[in-house]
2 protein chains.
Amino acid sequence: MAVRRHIERAWRDASVAFGFEEIDGPTFEYLELYTAKSGPGIVKELFSFKREGGDSTYALRPEFTPTLARMAAARISTLPLPVKWFTMPSFFRAERPQRGRLREFQQWNVDVLGVGGPAIDAEVIGVAVAALERLGLTPRDVRVKISHREAARAWVLSMGVSEQNVPAAFDLLDRKPKMEKAAYERAASEIGLLFRDAAEIKGESLDALRCALDAAGLAEWYDVDATIVRGLAYYTGTVFEIHEASGAERAVAGGGRYDGLVELFGGPSTPAMGLGMGDVVLGLLLADRGLLPKDGADLLPRPDVFIISGGDDAAERELPRMVASLRKQGLHVRHSYKATRNVGKLLSDASKQRARCAVILGPELASGSVKLKDMGSGEQRDVQVANLAETIGALRSRA
Amino acid sequence: MAVRRHIERAWRDASVAFGFEEIDGPTFEYLELYTAKSGPGIVKELFSFKREGGDSTYALRPEFTPTLARMAAARISTLPLPVKWFTMPSFFRAERPQRGRLREFQQWNVDVLGVGGPAIDAEVIGVAVAALERLGLTPRDVRVKISHREAARAWVLSMGVSEQNVPAAFDLLDRKPKMEKAAYERAASEIGLLFRDAAEIKGESLDALRCALDAAGLAEWYDVDATIVRGLAYYTGTVFEIHEASGAERAVAGGGRYDGLVELFGGPSTPAMGLGMGDVVLGLLLADRGLLPKDGADLLPRPDVFIISGGDDAAERELPRMVASLRKQGLHVRHSYKATRNVGKLLSDASKQRARCAVILGPELASGSVKLKDMGSGEQRDVQVANLAETIGALRSRA
């Protein structure tokens with residue numbers, strides 16, 4: 001959970017900096033919502049169920065976009081545009097768990113609906129990069145690979161691929177990174193697709209996207225790559241994926257422009273651009289780059305103070321009161337649940353729990369004061385109980 | 001989502017102040033996990049499903065405790081005690097949605113496992129109170145109603161209820177707040193349960209709990225109430241519920257000691273105390289007390305700055321660069337997506353979006369500066385672009 005919350009914080013902070021608002025939808029939807037977007041083939045990848053005595057079939061959500069399109073179709077005509085939404089809930093896929101793919105996972109979704117154009121495309125790609133930067137990744141660790149449906153189409157037609165073979169050419173480009181060179185060349189020559197460098201793809205729409213990305217300060221993060229195809233029936237313009245720089249692992253994120261989807265769900269024609277970024281591949285990448293502490297401990301909240309009773313009656317009576325009072329003042333307070341009153345052993349527990357300081361309740365209580373030990377510097381001094389919360393608060397903000 | 005995150009923040013902050021660590025489990029479990037705790041009657045309240053070609057039945061989680069007991073049974077012998085865990089995920093109940101009960105809802109769970117005693121019981125009740133206090137509730141708004149299984153048993157036996165009628169007496173006490181006085185008296189006299197004030201329940205175990213609650217500074221929050229019974233087969237000591245002070249609405253929270261549960265799930269005998277607090281009744285209560293802004297807007301992040309282009313070429317070129325650069329420096333930055341360059345209209349948009357300040361890109365850009373308007377005071381001045389992030393940051397921390 002410490003790692004998951006660390007990743008979520010980067011997603012949330014980037015979303016807020018870019019002016020997105022958080023939404024959520026239900027964890028399960030009618031099955032038809034997913035087949036409407038992806039066809040009946042999706043069913044075997046879903047956890048779906050009927051209720052006893054009911055006719056409807058439901059499915060645990062495998063992705064957010066159909067929910068988003070349904071919500072947008074119902075409401076977008078009443079909302080100020082653009083709608084800028086993000087969400088980061090759990091999703092479910094009924095497939096064999098493997099490296100980079102789990103049955104239950106978190107995914108961040110960011111979408112802009114109602115306004116189109118390359119500046120919006122760059123804003124969505126920009127928020128993804130901003131989250132990755134907050135997690136410590138650089139353009140040497142990850143690459144944003146961009147393409148554009150129109151440019152890719154013009155590009156393959158310019159090589160001599162026939163109109164009817166354009167889908168086959170896209171399919172082949174999509175599979176190119178996983179194919180043997182010889183097999184790719186054989187299949188490509190059959191449909192007239194030349195063996196050109198996928199970075200050579202050109203076109204006006206792609207130029208406009210590059211301009212917008214450069215203006216948004218993203219020049220060093222992206223590469224043009226015609227092998228980025230993604231859902232053929234779904235994306236209508238810009239498409240992109242974010243990959244580990246050497247090409248290891250699955251995509252960290254992906255998305256693009258899907259101007260037809262809200263209409264498919266019964267809404268008005270609506271420009272739309274979005275991205276999805278899961279926690280699983282991203283977590284593997286962060287761990288690989290040493291950007292996650294091995295046991296996650298450094299990501300956990302540190303106790304502000306650990307309170308120790310020296311064992312006399314006054315100290316035993318004071319301990320629960322002081323714990324409650326300092327917590328009420330907003331401090332993260334711990335104490336030992338052990339029977340021992342050996343102060344040395346208890347200080348060692350305070351240190352193991354990474355407390356910033358320790359309070360020792362001893363004979364000084366008679367004069368209204370306690371010993372306060374800074375666990376970082378080892379420095380120890382007497383502090384009046386009345387000033388304790390303030391003194392500990394100051395130690396915390398200094399750390 | 002703004003309201004949900006506001007409530008979650010109170011739950012999380014209270015949990016951390018009390019030294020609890022966050023965990024999560026899967027959204028669905030084997031159905032048997034729930035019938036093992038609650039019997040076959042629970043099935044009709046669950047969303048359950050089988051996978052095609054599979055034998056197992058799964059259920060969306062209706063509560064967290066069985067997952068917690070399963071996890072504890074498997075691991076508790078290897079963990080330092082006490083284990084202090086919290087979680088706040090989604091849960092699901094297949095019942096007709098009604099006021100205070102939704103099919104999908106969030107619930108905060110807090111549990112202490114491995115160490116028993118009244119001080120632990122008071123700590124769990126204390127963390128619930130701390131969260132409610134952070135949300136602005138006082139002992140005049142909510143009451144913690146406490147009872148204790150042993151004390152309740154001794155109390156009903158002392159009235160002359162026979163050993164075999166103890167469960168019937170508990171059941172009757174549980175229903176008492178919802179029954180007509182005459183009906184209650186008739187049923188009570190049949191089993192020898194006298195019509196005594198439920199606050200009169202006494203006993204050593206209850207005295208120890210009251211001492212611990214008082215030491216933890218909770219004296220003004222709780223009432224003793226023998227009608228608090230909860231799951232008969234499940235709780236073994238302290239039981240409590242938190243209710244709106246006048247008794248309106250369902251319980252805001254409930255919990256108690258369940259020392260037998262980890263053993264039931266195949267683990268070692270383990271003292272355990274926990275609570276659950278849902279977001280639905282709590283949300284109704286906060287709204288009723290005026291502790292939630294009506295449209296939730298005050299709970300949304302406020303933009304630090306809204307950037308406006310006056311319309312000349314230099315300003316149009318600078319706008320996307322400045323937006324990207326200020327966001328990169330951690331600021332929440334917005335701008336207009338409209339075609340208009342009417343500065344007055346755009347300042348009005350900045351105000352509607354509650355931006356703390358606005359930047360106007362005008363002819364001053366030629367000398368490297370922009371107009372910065374404090375949207376609170378209305379004050380306006382020229383600021384060098386190089387100093388802009390710092391100046392806006394200072395405005396934000398002053399606000």
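What volume does the second largest cavity have? In this predicted model, for which local features need pLDDT of at least 70, side-chain atom pairs count only at pLDDT 80 or more, and totals for chains, interfaces and linings use all residues, the second largest cavity has a volume of about 30 Å³. Residues are numbered from 1 along each chain as its sequence is written, chains are lettered from A in the order in which they are written, and side-chain values use heavy atoms, with hydrogens and water left out.

A cavity is a set of points, on a 1 Å grid over the protein atoms alone, where a 1.4 Å probe fits but cannot get out, and its lining residues have an atom within 4 Å of a point. Grid points are joined across faces, edges and corners, and a volume is the space filled by probe spheres set on the points. The second largest cavity is lined by Phe20(A), Glu21(A), Leu300(B), Pro301(B), His332(B) and Arg334(B). Its lining divides into three nonpolar, one polar and two charged residues (Ala, Val, Leu, Ile, Met, Phe, Trp, Tyr, Cys and Pro count as nonpolar, Asp, Glu, Lys and Arg as charged, and the others, Gly among them, as polar).

The largest cavity has a volume of about 380 Å³. Of the 31 residues that line the largest cavity, Arg4(A), Ser90(A), Arg4(B), Pro89(B) and Ser90(B) lie nearest its centre. By class, this lining has ten nonpolar, eight polar and 13 charged residues.

Conventions: 1 Å grid on protein atoms, 1.4 Å probe; cavity = no way out; pocket = protein on both sides within 12 Å on 5 of 7 lines; lining within 4 Å.
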